[in-house]
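Morning, everyone. Please have the viewer open while I talk. I'll keep this short.

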Amino acid sequence: MVAMVDNVIVLRIPVVKKRVSKASSKSSIGRIYLSKRWVERDVAIMDWRDYEQLRNIFQNLFELKNIVEALFNCKAVGKGMFNIVSRTWNPVTGCSHLCRYCWARRLAETRLKRSPRYRDGFIPKIHEQEFKATFKPGEFVFVSDMGDLFCEQVEDEWILRVLDHIRKFPKTHFLLLTKNPRRYRDFLDRFPPNVILGATIETNRDDLYREHRISGAPLPSLRYKAMRDLKWSKKFVSVEPVLDFDLDVFAQWIEEIEPLIVYVGYDNYGNRLPEPPLRKTLALIERLSKLPCLVIRKTIRPAWFEGLSRYMGGELEERPGLA
Ligand code: SF4
């Protein structure tokens, strides 16, 4: 039940009850304080964008609940690491973005180079046998971690086949992740509701991206705009591997995207990327934690040059705590 008292909207929630104080036996009421600019006499007035934002926050909270439950009901694949993904599925592999830190391409061109999937290199390919895969309710499946399903070289028809297969498992969560999120627009009316649309955005700094030749993918600013404008309630942002950024701008970008989940983590493969110092990354995580989304820390450590400067200076400090 919703009622309005002065400048406050009061939601009575009979199921979730909490004591206001030890002295009171009354159940508490959930309160949402609305900005004064929305309120006029006995009605709340807000513009359409504010209303959409408020609605998204609530939708996200419920999605979060489902996902966190799925998380606790499935086996994590990471060794000792908090990992929301319970399984990967690779109906399409390969990618043309040529990121300099790509572990999948490195694997495909070394250890897996004689396998049928990669004997022609890391070019995009579809794999028929993967369409026999079945998924359990509650699983959280990362689709095509060995490639980028939305890179320009992947045919529309392949993407549609993947989406058709996903549609057969409405109780499973499927995570799609790309560095070309502009292409999501072309499939908006074909995405089943159980997909989470993700983009990797490692930094806000296009200049850094160009200077260090990080990748041939669309620049971070283009990915941010595509994700911000994407009309989809379940969005995901991966800030991994994190590159140096401007704190205010980058935090603002992520806020505007309104993701459900954000991953933040440093490179795991010794690529000596232009990383931010640890204190800056922790400041970003703190800012993001105030948003209505799940912020998951992946590998969080000092930047490679911080370790080096400590070593050169003869300091042997403990790693800063990550609490
Ligand atoms: S977009 Fe992903 S799969 Fe493609 S090259 Fe970059 S890291 Fe590798």
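This is a predicted model: local features need pLDDT of at least 70, side-chain atom pairs count only at pLDDT 80 or more; totals for chains, interfaces and linings use all residues.

The protein chain has 323 residues, and 49% of them count as buried. Its secondary structure comes to 8 helices and 14 strands. Now the contacts. Take those with a separation of 6 or more: 71% of them join residues 24 or more positions apart.

First helix: α3, residues 156-167. It has 12 residues. From first C-alpha to last, α3 reaches 17 Å, close to the 16 Å expected at 1.5 Å a residue. Which residues of α3 are buried? Trp-158, Ile-159, Val-162, Leu-163, His-165 and Ile-166. Look down the axis of α3 and these buried residues fall within an arc of 160 degrees, so they line one face of the helix. An α-helix has 3.6 residues a turn, so residues three or four places apart point the same way.

What do the buried residues of α3 pack against? Strands: β6 at 87-89, β7, β8 at 125-126, β9, β10 at 173-178 and β11 at 195-200.

On to α5, residues 220-229. Its buried residues are Pro-220, Ser-221, Arg-223, Tyr-224, Ala-226 and Met-227.

Next, α7, residues 278-289. Buried in α7 are Leu-278, Lys-280, Thr-281, Leu-284, Ile-285 and Leu-288. They cover an arc of only 165 degrees around the axis, which puts them on the same side of α7. Turn to the other side of α7, and you find Arg-279 and Glu-286 exposed.

Now the helix pair. Two packed helices are described by the angle between their axes and the distance between the axes. Here the pair is α6, residues 247-257, and α7. Their axes come within 10 Å and cross at roughly 35 degrees. The crossing of α6 past α7 is right-handed. Who meets whom? From α6 come Leu-247, Asp-248, Phe-250, Ala-251 and Ile-254. From α7 come Lys-280, Ala-283, Leu-284, Arg-287 and Leu-288. By type, the residues of this contact divide into 7 nonpolar, no polar and 3 charged. Note that Lys-280, Leu-284 and Leu-288 of α7 take part in this contact, and they are also among the buried residues of α7.

Start between β7, at 92-93, and α2, at 103-109. His-97 sits in that loop. Is His-97 buried or exposed? Buried: its relative accessible area is 6%, and the cut-off for buried is under 20%. Leaving out residues up to four places away in sequence, His-97 touches Asp-148, Cys-151, Lys-179, Asn-180, Ser-215, Gly-216, Ala-217 and Pro-218. Take Ala-217. It is 120 residues from His-97 along the chain, yet their C-alpha atoms are separated by 4.9 Å.

Leu-98 is in the loop between β7 and α2 as well. Leu-98 is exposed, at 55% relative accessible area. Its backbone deserves a look. Phi of Leu-98 is positive, about 55 degrees, although Leu-98 is not a glycine.

Ser-144 also has a positive phi, near 55 degrees. You'll find Ser-144 in the loop between β9, at 140-143, and α3. Ser-144 counts as buried, at 1% relative accessibility.

One more backbone feature. Glu-240 and Pro-241 are joined by a cis peptide bond, with omega about 0 degrees. Pro-241 lies in the loop between β12, at 235-239, and α6. For context, most residues other than glycine have a negative phi, and most peptide bonds are trans.

Last stop: Val-85, in the loop between α1, at 48-72, and β6. Val-85 counts as buried, with 6% relative accessibility. Its C-alpha is 9.4 Å from that of His-173, 88 residues away along the chain.

That's the tour. Over to you for discussion.

Terms used. Residues are numbered from 1 along each chain as its sequence is written. Side-chain values use heavy atoms; hydrogens and water are left out. Helices (H or I, at least four residues) and strands (E, at least two) are DSSP runs, numbered from the N terminus. The expected span of a helix is 1.5 Å times one less than its number of residues. Buried means under 20% relative accessible area, exposed over 50%, partly exposed in between (1.4 Å probe, protein chains only). The arc is that of the directions from the helix axis to the C-beta atoms. Axes are lines fitted to C-alpha atoms, for helices over the stretch in contact, and angles run from 0 to 180 degrees between N-to-C directions. A crossing is left-handed if the near helix is turned anticlockwise from the far one by less than a right angle, and right-handed if clockwise. Contact means heavy atoms within 4.5 Å. Ala, Val, Leu, Ile, Met, Phe, Trp, Tyr, Cys and Pro count as nonpolar, Asp, Glu, Lys and Arg as charged, and the others, Gly among them, as polar.
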